[in-house]
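Me: Hi! Could you walk me through this one? I'd like to start with a helix.

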Amino acid sequence: MTVTAQAVRRDAVKAPRRRGGGIAPPWLFAVPALLIYALVVLYPAFSGAGSAFTDWSGVGAQRSFVGLDNFQQLFRDDQALGALRNTLLLTVAIVVVQNGIGLLLALGVHTGIKSRMVLRVIFFAPVVVSPVMVSFLWKYVYNPAPDAGLNAALGAIGLGGLRQDWLGNPSIALWSVAFTVIWQCAGYSMVIFLAGLEGVPAELHESAMVDGAGTVARFRHITWPLLAPAVTINLMLSTVGGLTLFTQIIAMTNGGPGYATDTLSTVLYKQAFVFGKFGYSTAVALVLAIFVAAVSFIQIGYLRSRETAA
Amino acid sequence: MKYKPRTFVLEVVMVAVAIAFLFPVYALVTLAFKDPGQIANKPLSLPDPPSVGSFGEAWQSASLGSALLNSTLITASSVLVLIVLGSLAAYFLARTATRLSYTLYIVFLVGIILPFQLGMIPLYQMVNDLGLLGTYQGMILFYTGIQLPFTVFLYTGFIRSLPADYTNAALIDGASHLQAFAHVIFPLLRPITGTVLILNAVHIWNDFFTPLLYLGGSGRETVPVRVFAFVNEYTSNYGLVAAGLVLAALPILLLFLVLQRYVIRGFASGLKG
């Protein structure tokens, strides 16, 4: 370490402790990133959290402190409560179905089938397309006319009785939106599960097969425990994605019919940019942020313990 | 793995699933090639004869040419700034074991779980006050800030796994820290730089909400914003809308097909660092 010490002196750098031994880079390297991050993320987030307790209209600096009024209003506001309910329902549906399908697809293409590489590309392709365009694609598929899109396909295969106004019927519109998200993102879950599956040593399966373990038993006792990291990532990603869902709703239903597909994100957007109630809007955003943070922490904690237990 | 009868059954099932999965794409693409008469009479058949008239009209009406240019400019600049600033910051964070560097790392990580909706309105005000609404610079600044936590996280994890010896040697040979970083460290970061590039580029290219707010009506709209306006304007002209959607999705899909191995690997590995 004498050489290192001399080098440090020659550079006239005050030597902070250092990972792996050697010369620490100067802290100036982190300054540009930190400044931009503070300006674009940290300051607005704190400022937003603060204005949730005011009656700020968004125009000018005029605002007065109103305590918890915005939050009380939120819990009396049917639109906001409905949006909260929709957000949670959408999130649960997306987390369960998207990851279920993603896992099945991964198991299906992680085999000796000849089309496995092509299928991966097909199932993953929607992930790289803008959610706005995927939403418009599905808006056409969900066309209420009996002779277009999904309804026409149902008619062609003799299931005409299932025809629906997929986005216009308030009791199914939310599920139609959820399905669009699942169609677009199942391939994302699939590639993360695939990365997990590729990390499962083949010898484990072979020796279990010699011991007479069937497909289901091998999945339960070998594959599933070793998939824990992939499960963690997939659950985190889909939960946060579901809670903050916005684009697909604005593009497909704009929250309608009525308030049937409003989520916390669409409500806070409308409150701010349509009704000019910025204080109230940031209160909704704060509730959303607390949900996202709480879910992230619970999932990280729970899944960490599962990973180490497995 | 041997190709057994069971494998064949699975192959058939999976291909059937893929065909069902592709149905919406089939419906959209055939729609784009049909004239209005065919759309009304034969909604699901192949276009016969195919007509390409909608494509030219959609390209014009949605001003896709300039939208692609705007998207390319904003995406490329943001990703470039993210790679430079993110890798530099991560190099400091990964190679310094002080309380300051540890705290800073945590501060950056907070940004990953903080939903951007919380700061959305104050940020909009700030961008407005700075006169950056409707400008490329405003968007580049926004994406740099919003994507830095994730970028720093990926780079820091990767740099920690690298041995420190290389830089020491360079520094002892009299190189400055910046030179050592640029010539020794940065080339070693190629794999993670690839991941950072792919994940950020796909996200920024496809982002909709912020460009809608910041660029709406400025003439500098990105592809998703133009498509949104275009579809809402011609909503009942199905053939035209379909042609516009196909054209708008084509560039990124083609790029994906060319780079599919890297893209899929980037998405699959990026989150684990």
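Reply: Happy to. First, the bend at a residue is the angle between axes fitted to the seven residues ending there and the seven starting there. Helices are DSSP runs of H or I with at least four residues, numbered from the N terminus. This is a predicted model: local features need pLDDT of at least 70, side-chain atom pairs count only at pLDDT 80 or more, and totals for chains, interfaces and linings use all residues. Residues are numbered from 1 along each chain as its sequence is written, and chains are lettered from A, ligands numbered from 1, in the order in which they are written.

Me: Thanks! So where does H2(A) bend?

Reply: At A:Ala38, by about 45°.

Me: And which residues of H2(A) are buried?

Reply: Among them are A:Ala33, A:Ile36, A:Tyr37, A:Val40 and A:Pro44. Buried means 20 or more other C-beta atoms within 10 Å of a residue's own, exposed means 12 or fewer, and partly exposed is in between, with C-beta atoms placed from the backbone.

Me: Is A:Met117 buried or exposed?

Reply: A:Met117 is exposed, because it has 12 other C-beta atoms within 10 Å. A:Met117 sits in helix H5 (residues 116-124) of chain A.

Me: New topic: how many residues of chain B are in contact with chain A?

Reply: 83 residues of chain B, and they meet 87 residues of chain A. Contact means C-beta atoms, placed from the backbone, within 7 Å. Helix H1 (residues 5-32) of chain B gives the most to that side of chain B, with twelve residues.

Me: What is A:Met133 in contact with, leaving aside neighbours within four places in sequence?

Reply: B:Val227, B:Leu245, B:Ala248 and B:Ala249.

Notes: Helix = DSSP H or I, 4+ residues; strand = E, 2+ residues; numbered from the N terminus. Contact = placed C-beta atoms within 7 Å.
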